[in-house]
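Have a look at the sequence and the 3D view first, then come back for the highlights.

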Amino acid sequence: MAQVAFLPRIIVSADTSKAPLKPLRRAQRHRTSISTNKRVPRSPLQRTLKFNDEVSPHRAVSAVRLMRIELGSAFADRLNKKGKGSGDNEMGYVERTLGFRTKELDNRDLRLVTDVVGGTIRWRRYLDHIICSLCHEESTFRGMEPLLLQILRIGVYEIVKLEMPAYAVVYENVTLAKVALRPGAGDLVNGILRRLVVLKEKNSLPLPKLEGDDRAQARALATLYSHPVWMVRRWTKYLGQEEAIKLMEWNNNDPGFSLRANVGRGVTRADLVKQLNLLKVPHELSLHLDDFIRMKTGLQTVIQAGLLKQGLCAVQDESAGLVVSVVDAQPGERIVDCCAAPGGKTVYMASRMSGQGMLYAIDINKGRLRILRDTAMLHQVSSVITTVHSDLRIFADYKSDEYDKVLLDAPCSGLGVLSKRADLRWKKSLEDFEELKNLQDELLDAASSLVKPGGVLIYSTCSIDPEENEERVDSFLHRHPH
């Protein structure tokens, strides 16, 4: 596979994984992150305790994962993919963070970790409202240490949303708080969760009522459906309240996922179906794409069976596949994927080119390009892919070639994938939109300069916001009336 480093007049950060594209005309803002390995202070008892068989394994791992996501800027979806089939690795994080190990995670525990972490993140605002309401004083909630808060969120989520047996949830989360923190922390968890159980049995959870003016209703909806207030107000403005509620309900559902058969290696969807039937994994065929299969459960089984490592299939969302179907890559074409890494769409396009033509995968992130190259090798399509390490805007300034098709899957707010990326709703702000829109305009201008006369320019995002989609296209056509 060819590789090109195309970086004239550009300084590359040594940590490119934390350097997203920014508009060139805007000043870079300094960002600090909290180390994911930073230890929580522990009592003398804990310092001598290395193994504890009383603490629930899935709760200990879930609490540490939630700490890593909220304090360490890790991403929930990536941790879930890494965590599956990796119980020992997860327990290593528990030992480094809490100072002890629990019993090893079995497959059921791993599934519970995924469910608890994803659900706790999605329902964070809702859970925090309940926890704060059950504290005797708001200052108790506001001053709560991070680990204690995560344990309480887990407990409330398990009781209210998962409807686990209340006694077990209270006992095991109290035990975790006492061992990981101190006896007093366990007492606080015990008091709050027991009050919650009583209120739930009486069907009188302390939740806001949908009343008052638009602002008050937006705040109530934001709590009831656990989204930032600005998102609720924005969707209510564009969609109306009823549709905004439906969207938030969708975002809070457990997401399904899709597998794509690797046609580049001669694997058909029928071949993949046979494998899934042998593994007894429930599935259904995609209604839109011939190479895709939909699943709600069973990814753990697919991973352990080695289907992904063997390159027989890939986990890929159908929406990404639809973008590739629009590009409609043909043998012999010269195609550019402008923001390509980590390469799911690139590899899928390459698999449809029958080993003829060339696909140039451009990305500013060197580490993610390495993932793209590894995936292309695994899927046996590397012969038609050339990776280019560059900022697209600089590449377009220096490159005089023109291409048959140019795909710009632009950096965006990600508001269309909140069900799959549970933590994303808490990582975005309204202020991000102006910076993103400027970046999208600059990238679209650069991408358009690479298209040959009569060629095709495809613009896509994983956002549902009109300002990032239709308005960006309208703005582009206004700047380029020809």
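Let's start with Asp 441, which counts as buried because its relative accessibility is 13%, and the cut-off for buried is under 20%. Keep in mind that this is a predicted model.

**Salt bridges**

- Asp 441 has a salt-bridge partner, Arg 472, and the closest N and O atoms of the two are 2.7 Å apart.
- For a contrasting pair, look at Glu 242 and Lys 246, whose salt bridge has its closest N and O atoms 4.0 Å apart.
- Those two sit 4 residues apart in helix H13 (residues 241-251), so about one helical turn separates them.
- Glu 242 counts as exposed because its relative accessibility is 58%, while Lys 246, at 43%, counts as partly exposed.
- Glu 163 and Lys 200 make another salt bridge through their side chains, at 3.8 Å from N to O.
- Here again distant parts of the chain are linked: Glu 163 is in the loop between helix H8 (146-160) and helix H9 (166-180), and Lys 200 is 37 residues away in helix H10 (residues 183-201).
- Lys 200 is partly exposed, with 29% relative accessibility.
- How many salt bridges are there? The count comes to 31.

**Two helices packed together**

- Helix H11 (residues 214-224) and helix H12 (residues 229-239) have axes that come within 8 Å and cross at roughly 120°.
- That angle is why H11 and H12 are described as oblique to each other; the roughly perpendicular range stops at 115 degrees.
- The crossing of H11 past H12 is right-handed.
- On the H11 side, the contact uses Arg 215, Ala 218, Arg 219, Leu 221 and Ala 222, and on the H12 side it uses Val 229, Val 232 and Arg 233.
- Sorted by class, that contact of H11 with H12 has 5 nonpolar residues, 3 charged ones and no polar ones.

- As background, most residues other than glycine have a negative phi, and most peptide bonds are trans.
- Glu 163 isn't a glycine, yet its phi is positive, at about 50°.
- Is Glu 163 buried or exposed? Glu 163 is exposed, with a relative accessible area of 57%.
- Lys 280 also has a positive phi, near 60°, without being a glycine.
- You'll find Lys 280 in the loop between helix H14 (269-279) and strand S3 (284-285), and it is exposed, with a relative accessible area of 75%.
- The peptide bond running from Ala 341 to Pro 342 is cis, and its omega is near 5°.
- Pro 342 is in the loop between strand S6 (334-337) and helix H17 (344-351).

**A buried serine in a loop**

- Ser 382 lies in the loop between helix H18 (366-378) and strand S8 (385-389).
- Ser 382 counts as buried because its relative accessibility is 14%.
- Leaving aside residues up to four places away in sequence, Ser 382 touches Met 1, Ala 376 and Met 377.

Conventions. Residues numbered from 1 in each chain as written. Predicted model: local features only at pLDDT ≥ 70, side-chain atom pairs only at ≥ 80, totals over all residues. Heavy atoms only, no water. Buried < 20%, exposed > 50% of the residue type's maximum accessible area, 1.4 Å probe, protein only. Axes fitted to C-alpha atoms, helices over the stretch in contact; angles between N-to-C directions. Parallel < 35°, antiparallel > 145°, perpendicular 65-115°, else oblique. Left-handed = near helix turned anticlockwise from the far one by under 90°. Contact = heavy atoms within 4.5 Å. Nonpolar A, V, L, I, M, F, W, Y, C, P; charged D, E, K, R; others polar.
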